[in-house]
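Subject: Handing over the structure

Dear colleague,

Please find the structure below, with the sequence beside it. My notes on what was found follow after it.

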Amino acid sequence: MYEELDKYLSGFFTDDYWYDEGFEIAAEIIQDFNKEDWDNLLSYLPSKSIEWQIRYAYCVDSDINDENIIKSLILLCNIDNDELFEKCIDSLRVIVNEDNIKMLSNDKTLIDKVEKIIPKCGVATKKIFEDFITKINC
């Protein structure tokens, strides 16, 4: 399934298609991942294009709540790209719950990075980051 996701996220999409239905197709592929698929994803994720990484981060913020999703988004947060970082935090804030909150709240580097960026970002991004911090500090 990883190969299918890789091929799909590497494809060309119009923005309308991606936001209307493309991300849902990618999410469905991810729902069928097994351990080998997750291992491949976590291994190859840092070498993917920023566009691929952003698409991935966008499609995992809904019904998929797996420890591997959290790990992958934290991994992507370490890549130096503002848009990717914002999308990862947005996805993390949507899927944070009592089962995974400890994993996120223990990542002081991530929390510090978010808190450092908050004063410098726009209103919408600021709300996303503040909501994330609020949720993991509960």
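In which helix is the place of Leu84? Leu84 belongs to helix H6, which covers residues 82-95; helices here are DSSP runs of H or I with at least four residues, numbered from the N terminus.

Before going further, please keep in mind that this is a predicted model, in which local features need pLDDT of at least 70 and side-chain atom pairs count only at pLDDT 80 or more, while totals for chains, interfaces and linings use all residues. Residues are numbered from 1 along each chain as its sequence is written, and side-chain values use heavy atoms, with hydrogens and water left out.

Leu84 is buried, with a relative accessible area of 0%, where buried means under 20% relative accessible area with a 1.4 Å probe and protein chains only. Leaving aside neighbours within four places in sequence, Leu84 is in contact (heavy atoms within 4.5 Å) with Ile50, Gln53, Ile54, Ala57, Leu76 and Ile79. One of these, Ile50, is 34 residues away in sequence, yet the two C-alpha atoms are 7.2 Å apart in space.

Helix H5 (residues 67-77) is largely enclosed by the rest of the structure, because eight of its 11 residues are buried. Among them are Asn68, Ser72 and Leu76, and what covers the buried residues of H5 includes helices H2, H3, H4, H6, H7 and H8.

In the loop between H6 and H7 you will find Asn100, which is buried at a relative accessible area of 7%, and whose side chain reaches the backbone oxygen of Ile95 at 3.1 Å.

Next, the aromatic rings. The structure holds 10 aromatic pairs, meaning rings of Phe, Tyr and Trp (its six-membered ring) with centres within 6.5 Å, called stacked when the planes are under 30 degrees apart, edge-to-face when over 60 and tilted for the rest. Phe13 and Trp18 form a tilted pair, 5.4 Å centre to centre with 45 degrees between the planes, and both belong to one aromatic cluster that also includes Tyr8 and Tyr58. Trp52 and Tyr56, by contrast, are stacked, because their planes are at 15 degrees, with the ring centres 6.2 Å apart. These two residues lie in helix H4, four residues apart, about one turn of the helix, and both are buried.

Finally, the charged end of Lys48 sits over the ring of Trp52, 5.5 Å from its centre, a term that asks for NZ of Lys or CZ of Arg within 6 Å of the ring centre and within 35 degrees of the ring normal.

With best wishes

Key. Buried < 20%, exposed > 50% of the residue type's maximum accessible area, 1.4 Å probe, protein only. Polar contact = N/O pair within 3.5 Å; in protein donor to acceptor, adjacent residues only side chain to side chain.
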